[in-house]
Amino acid sequence: MTWPRRTLGRSTVTLGALSLGGAPLAGLGAPVDAEAARRTVDAAWEAGIRGFDTAPHYGLGLSEQRLGAALAERPRADWTLSTKVGRLLVPTDGGPAAGHDGAHGFPGVPATHRRVWDFSADGVRRSLESSLERLGLDRADLVLLHDPDDHERQALTEAYPALERLRAEGTVGAIGVGMNQSAMPARFVRDTDIDAVLLAGRYTLLDQDGLTELLPLAAERGVAVVIGGVFNSGLLADPRPGASYDYRPAPAPLVRRALRIQEIAGRHGVPLRAAALRFPLGHPAVASVLVGARSAAEVRDAVAMFRHPIPDGLWEELRAEGLLPAHVPVPSRGEAAPG
């Protein structure tokens with residue numbers, strides 16, 4: 001069974017409520033071999049997941065290569081692929097002997113290339129051409145400007161118009177921006193004609209910054225929002241001292257807050273992971289939740305957690321305890337997620 005899909009903006013591109021993030025397929029945090037990556041994608045497909053996200057940044061193109069190979073024999077009209085632009089991969093002189101890509105979070109990947117920021121129109125086209133070659137595709141369903149935090153002007157005046165032209169040409173189905181902050185994506189929603197935003201870590205049980213401006217604006221303008229980082233890089237998956245929050249050791253107050261949410265969820269028979277995965281879909285602008293996985297077992301766990309019934313009383317108690325603001329929308333009717 002596949003998941004019901006929602007359309008991204010005014011495009012014809014669709015996404016199901018749960019999508020697979022491709023960074024772990026390239027060994028984010030720890031190496032993942034090719035066979036394990038393939039089994040991960042196979043498990044997602046078997047579970048009905050049809051949305052897949054990747055980027056050149058993820059393992060210096062390795063995620064794109066592995067994802068493209070795993071999807072090659074699947075009917076092309078049945079799945080949605082998103083990749084990103086903004087970083088060009090430039091060959092290094094040292095080749096594989098130059099070390100590994102651990103500084104960027106992919107320790108098992110030989111540093112055969114280096115990343116070069118480029119949000120120029122030419123850079124966007126070159127990046128996408130290289131991505132399509134690695135993926136083995138002639139078009140991408142969704143292309144996102146990737147982390148233009150320090151390149152806002154060029155992203156708006158050069159990269160975005162280039163994506164708009166690629167969309168008009170049909171090489172790209174939908175366009176948008178993917179970031180770990182909400183302020184700049186809100187500007188893109190307000191000032192451009194993007195179809196989607198990938199917002200990582202800023203609309204979770206611990207951080208609702210995206211609700212300040214981005215999510216209401218996206219709902220008003222019909223822009224779809226995909227939520228990544230629902231576990232805030234670990235704390236909402238396994239809350240404990242020493243857990244990671246946004247890729248750093250979690251501050252003690254946040255650990256205590258996560259443990260308290262876990263305690264309340266447990267009283268309602270809900271694993272914390274299930275509540276964290278389902279929470280973003282309470283907002284009408286959110287089209288999909290993006291979850292990374294490095295094994296078939298992690299995919300199966302994520303799907304089980306996503307489908308876990310959540311009683312309305314859980315959200316009500318979190319509000320009553322001050323762990324969720326009263327104005328934050330939550331999923332309704334205590335039913336298992338579709339799919």
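**The largest pocket**

I began with the lining of the largest pocket in this predicted model: 47 residues line it, and Ala 23, Leu 28, Gly 229, Ser 233 and Tyr 247 lie nearest its centre. Next I asked which elements give two or more residues to this lining. They are β9 (113–117), β11 (172–179), β12, α8 (272–278), β16 and α9 (296–307).

**The nonpolar cores**

I then turned to the largest nonpolar core, which has 98 residues. Phe 52, Leu 145, Phe 188, Leu 205, Leu 235 and Trp 315 have the most contacts inside it. Helix α4 (residues 152–169) gives the most to this core, with seven residues. A second, separate core has twelve residues, among them Leu 8, Leu 144, Ala 174 and Val 226.

I went back to Trp 315 for its partners. Leaving out residues up to four places away in sequence, I listed Leu 205, Ala 275, Phe 279, Ile 310, Leu 324, Val 330 and Pro 331 as touching Trp 315.

**Helix α6**

Which residues of α6 (residues 214–221) are buried? I found Leu 214, Leu 215, Leu 217 and Ala 218. These cover an arc of only 165° around the axis, so they sit on the same side of α6. They pack against α5 (183–191), β12 (196–200), β13 (224–228) and β16 (286–292).

Methods. Residues are numbered from 1 along each chain as its sequence is written. This is a predicted model: local features need pLDDT of at least 70, side-chain atom pairs count only at pLDDT 80 or more; totals for chains, interfaces and linings use all residues. Side-chain values use heavy atoms; hydrogens and water are left out. A nonpolar core is a set of buried Ala, Val, Leu, Ile, Met, Phe, Trp, Tyr and Cys residues joined through side-chain atoms within 4.5 Å. Buried means under 20% relative accessible area, exposed over 50%, partly exposed in between (1.4 Å probe, protein chains only). Helices (H or I, at least four residues) and strands (E, at least two) are DSSP runs, numbered from the N terminus. Contact means heavy atoms within 4.5 Å. The arc is that of the directions from the helix axis to the C-beta atoms. On a 1 Å grid over the protein atoms alone, a cavity is a set of points where a 1.4 Å probe fits but cannot get out, and a pocket is an open set with protein on both sides within 12 Å along at least five of seven lines; lining residues have an atom within 4 Å of a point.
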